[in-house]
Amino acid sequence: MPIRTAFALGLSSASLLLASPLLAVPPSLPATFDFSAKPAPNALAVTDAYSPATGFGYDFNTRQTPDGKPFGFSAQLPEGNYKVTVTFGGDADSTTTVRAESRRLMLENIHTPAGGSTTESFAVNLRSPHISTGGDVGLDPTDKNSLDWDDKLSLAFTGTNVAVRRITIEKTTVPTLFVLGDSTVVDQPGPTGGSWAQSLPRWFDAGVAIANHAESGETLKAFRRPAERRWDKVLSQLQPGDYVFMQFGTNDSKNHGPNNIYPDEDFSQTYAPANTDYKNLLIQYATETKAKGATPVILSPMGRRADTHSRNSLGDYPQAALDAAKDAHCPAIDLNSLSIDVYLALGQGRRPRLQRRHPPQ
């Protein structure tokens with residue numbers, strides 16, 4: 001399977017970013033892309049692979065087939081929030097899951113009866129490295145291999161007897177929920193696993209767009225350092241009525257050793273003691289968010305599964321996050337305690353295989 005196909009559909013951890021040429025022509029919006037043999041009037045017929053000449057088409061070396069195999073579709077668009085409406089339906093009973101960009105879960109197991117149709121809508125946030133106030137985000141190697149930072153809206157359709165009739169894309173001005181954090185939050189490229197924020201869009205309708213700016217290896221200090229400017233990017237886009245969910249602590253607690261994501265950085269440079277730098281930085285982020293008319297929400301860091309025996313995962317950092325929210329007068333979510341509850345319910349580590357002492361009678 002081609003590398004880019006596997007990456008987009010979440011079937012391989014390998015990734016390769018093939019950026020669209022600058023001469024790609026964005027479709028005029030709103031636009032309806034029709035996948036049927038007889039496209040509707042004023043709709044754009046989807047018959048070929050993505051092309052710079054059209055600015056849309058099948059992507060990742062796939063196309064929709066009569067036997068309902070997974071496929072991808074992309075449209076070249078500038079950054080912003082978009083409402084995407086998909087109409088499903090074919091000759092056979094089908095169940096379809098839709099992911100956008102780097103495996104963001106949008107719709108899950110949408111069932112359509114044979115010969116029928118189902119229409120669902122969701123909002124997708126697109127972004128570019130450029131910062132409107134000047135400069136660019138300092139992308140790391142993982143970012144450069146991510147569909148989250150290219151110049152397309154990319155969708156992957158998987159499931160049983162996948163059948164898509166049409167897709168309508170239009171600009172939208174809905175509130176944006178920005179998410180900041182580390183590897184437990186970022187849009188993971190796959191093929192297995194993921195983060196809680198990667199699945200967040202599945203629980204919202206088209207009235208909210210999720211903008212996940214998290215990255216593996218991140219800390220509160222590094223997120224705003226001049227070499228990255230990730231916080232500058234978020235601040236440049238924040239509008240009154242938006243939300244900022246921030247979850248840090250896993251890497252802030254490390255005071256030595258190289259950061260494998262950022263070769264120029266050692267964790268000793270970004271270490272933030274829980275009850276001083278860490279807490280104060282969270283308050284600073286919350287204050288700057290409020291200054292933009294948006295609502296900050298501080299989340300205590302997810303627990304480490306190996307620490308569940310003591311329920312004291314990450315030491316003082318979970319409580320420091322909750323204390324920061326109290327001092328900043330903003331909402332808080334105790335994700336540390338909630339995640340440990342889940343770990344304990346699932347069982348810590350591998351369960352031993354049960355063996356019979358005697359053969360069954």
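Two strands are counted as paired if DSSP finds at least two bridges between them. In this predicted model, an open sheet is formed by five strands in the order E2-E1-E10-E5-E8, and the pairing within the sheet is mixed. Strand E2, covering residues 44–45, and strand E8, covering residues 118–126, lie at the edges, each pairing on one side only. Strands of a sheet pair through backbone hydrogen bonds, either parallel or antiparallel. Strand E1, which spans residues 31–34, runs parallel to E2, and two bridges join these strands. Within this pair, Phe 33 is positioned opposite Leu 44 of E2.

Ser 74 belongs to strand E4, which comprises residues 71–76. The relative accessible area of Ser 74 is 0%; because buried means under 20%, Ser 74 is classed as buried. Its side chain makes a polar contact of 2.8 Å with the side chain of Ser 154. When neighbours within four places in sequence are left aside, the residues in contact with Ser 74 include Tyr 50, Phe 56, Asp 59 and Phe 60, as well as Lys 152, Leu 153 and Ser 154. Gly 55 and Gly 57 are also in contact with Ser 74.

The largest pocket holds about 300 Å³ of space. It is lined by 16 residues, of which Gln 64, Gly 89, Gly 90, Asp 91 and Ala 163 are the closest to its centre. By residue class, the lining of the largest pocket consists of six nonpolar, seven polar and three charged residues.

Terms used. Residues numbered from 1 in each chain as written. Predicted model: local features only at pLDDT ≥ 70, side-chain atom pairs only at ≥ 80, totals over all residues. Heavy atoms only, no water. Helix = DSSP H or I, 4+ residues; strand = E, 2+ residues; numbered from the N terminus. Buried < 20%, exposed > 50% of the residue type's maximum accessible area, 1.4 Å probe, protein only. Polar contact = N/O pair within 3.5 Å; in protein donor to acceptor, adjacent residues only side chain to side chain. Contact = heavy atoms within 4.5 Å. 1 Å grid on protein atoms, 1.4 Å probe; cavity = no way out; pocket = protein on both sides within 12 Å on 5 of 7 lines; lining within 4 Å. Points joined across faces, edges and corners; volume = space filled by probe spheres on them. Nonpolar A, V, L, I, M, F, W, Y, C, P; charged D, E, K, R; others polar.
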